[in-house]
Amino acid sequence: MGPELGFDPEALRAKYAAERRRRLRPDGLAQYVEVAGAFRHFADDPWAGPPAPRAPLTDEVDVAIVGAGFGGLLTGVRLRELGVRRLRLIDKAADVGGTWYWNRYPGIACDVESYVYMPLLEELGYVPTEKYAKGPEIFAHCRRIAEHYDLYRDAALQTEVRRIRWDAADSRWIISTDRGDAFRARFVSMANGYIQRPKLPGIPGIETFTGHAFHTSRWDYAYTGPGLEKLADRRVGLIGTGATAVQCVPHLAAACAHLSVFQRTPSTVDVRANAPTDAQWAASLPEGWQRRRIENFQTLTAGGDADEDLVADAWTSITKKLFLMRRQDGGANAGELADFAKMEEIRGRVDEIVSDPATAAALKPWYGYFCKRPCFHDEYLQTFNRDNVSLVDTRGLGVKRITETGVVVDGVEHPLDCLIFATGFEVGTDYCRRSGFTLIGRDGRTLTDAWRDGVHTLHGVHVHGFPNAFVLSIAQSGFTVNFPYLLDVQATHVAWVIARALESGVAELEADVDAEAAWVDQVMRRSTASLDRARSCTPGYYNREGSYDDTTRQGSFFYGGPTEYADLLASWREEGTFAGLGIRRTSAARS
Ligand code: NDP
């Protein structure tokens, strides 16, 4: 160990590799159970009753937007700003909000500063009440956006899209839903979410549990009580220790008789330091403050330079440090050493907070900082000092078995009244399975077929073979830790393309094969580092449970400068030639 470092890089490398090997499983993504068949009810909507009957929709709109979370809302906002009136948001939820509609578990909050995460604050004259807003405040903001921009009008809520089919005869999409709708749209924009379909662990015996069970994204307040008061005499088990679990564990522990937290891999848990918004500061914010703050955050968290750090939190400090060390290059592995140093700090925090040494040891993460979503919390680790909480560590192997009455680890059964799955969401499964609908493009080809050998797009939004369709996702799109930023970049772009097409009588636009191939090529060239990282990282959804390969990499971010992706799209719009898109015109302009 070099005294100047305070840790032994060689020993850490070996430890990380050993921990990763222990977690690798031959079944990879297949280890999870789809929320279908006998497990279908895990995805039921707990927030709304059966939908009110309505007549099937058979009309026509200019734009159908699938998904009414931030992606769909922002697309609607940007279209409204450009004067597009006939648009329809469609969502299986009973309200807008997406992630913030479904996820209402106790303790839910955003891990990115609300002043940069919550879009359109200046436009709506709203300043969040605290630095890291809680879920209900963000959900309310989604509704505020929908009201302000009149996006509830014509929306089809509690409506699940089943199929979207291109009708080449009149260049329209036909949207079919579970409500018997078959309406037409000139354009479709798919903003149906990156991580939204809950998944369950394929633990033997999962179907036999006779106690109460639910997934964190469908919290059962009827069972727990609105303030969790009904858990007072219950033995509760929670499987999973990712970003969701970190937020809800302290609340569960405070409410139930006994909480058993079943851990496979610990999260990194850094300081949160939330604070209420200072009223004087809020009142003093100058015009344009939010855009400047978002760009400053984006710059610092994506490796750029800035004179000041407006957000000044754990995200900006760690990314600044990691990128700076890499650039200053105190040796080829300066970035790795900075990462080790950060992780030593994270592990040191566990020792400072958790009193039982065995529990503290089990809570220490042994992997690179960005191998999993970093977490920030000031009560999570402290919870393991409580008498009514047990950490059941599975040393990377996962829960062995679920019985009728509890959960088995190391041959010991932990009897439970209630079992909560904080096991995350499907990533890397087939697009149509995840979205719940089939997109059938020109020539009757589905998006699943088109992407069988890897995602291909132009600019991360257009797909050859799918005219007038747009995909909002992280695949082949600019890197960020602040998703609404990316969604707004894409929404602005998609809205511009649609508005221009409607104005200028474009009947069809579709990515050229060559332009698409050039974009895919750029994504591949820029993502070589992601391959190395994914291969050395502990398994998780980021690296498809350790099975990350070139096909997966093709669906990764378009890595570049902090605002390079946004700038590139803006220049493309400025040029105004629809470069890379095949265009078929009609004489009919917008009705
Ligand atoms: P994750 O996929 O991050 O976590 C799932 C957890 O389940 C992991 O700890 C995983 O362990 C564990 N698990 C899976 N199978 C088993 C098993 N067989 N036995 C034991 N444990 C098992 O899901 P989350 O819902 O926590 O988070 C998903 C994402 O949502 C986050 O990464 C983040 O992007 C987002 N999020 C954002 C928040 C925000 O503040 N903005 C808050 C919450 C979530 P292992 O690690 O070993 O795979």
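**Cysteines and an asparagine**

Modeller: Cys371 and Cys537 form a disulfide, with their sulfur atoms 1.9 Å apart, where a disulfide is a pair of cysteine sulfur atoms within 2.5 Å. This is a predicted model, in which local features need pLDDT of at least 70 and side-chain atom pairs count only at pLDDT 80 or more, while totals for chains, interfaces and linings use all residues. Residues are numbered from 1 along each chain as its sequence is written, and side-chain values use heavy atoms, with hydrogens and water left out.

Biologist: How many residues apart in sequence are the parts that Cys371 and Cys537 tie together?

Modeller: The link itself is left-handed, with -80 degrees about the S-S bond. Cys371 lies in the loop between α13 (357-362) and β12 (375-376), and Cys537 in the loop between α19 (528-536) and α20 (550-554), so the parts tied together are separated in sequence by 166 residues. Helices (H or I, at least four residues) and strands (E, at least two) are DSSP runs numbered from the N terminus, and the separation asked for is 166 residues.

Biologist: Which cysteine has the sulfur closest to that of Cys248?

Modeller: Cys248 is buried, its relative accessible area being 0%. The closest cysteine sulfur is 11 Å from that of Cys248, which is too far for a bond, and it belongs to Cys418.

Biologist: Turning to Asn274, which residue's side chain does the side chain of Asn274 join in a polar contact of 3.0 Å?

Modeller: Asn274 is found in the loop between β11 (269-270) and α9 (279-284), and because its relative accessibility is 31%, Asn274 counts as partly exposed. A polar contact is a pair of N or O atoms within 3.5 Å; within protein, one must be able to donate a hydrogen and the other to accept it, and residues adjacent in sequence count only if both atoms are side-chain atoms. The partner in question is 144 residues from Asn274 in sequence, yet 7.1 Å away in space, C-alpha to C-alpha, and that partner is Glu130.

Biologist: Which residue has the backbone nitrogen that the side chain of Asn274 reaches at 2.9 Å?

Modeller: Contact means heavy atoms within 4.5 Å, and, not counting residues up to four places away in sequence, Asn274 touches Glu130, Lys131, Tyr132, Lys134 and Asp378. The backbone nitrogen reached at 2.9 Å is that of Tyr132.

Terms used
Buried means under 20% relative accessible area, exposed over 50%, partly exposed in between (1.4 Å probe, protein chains only).
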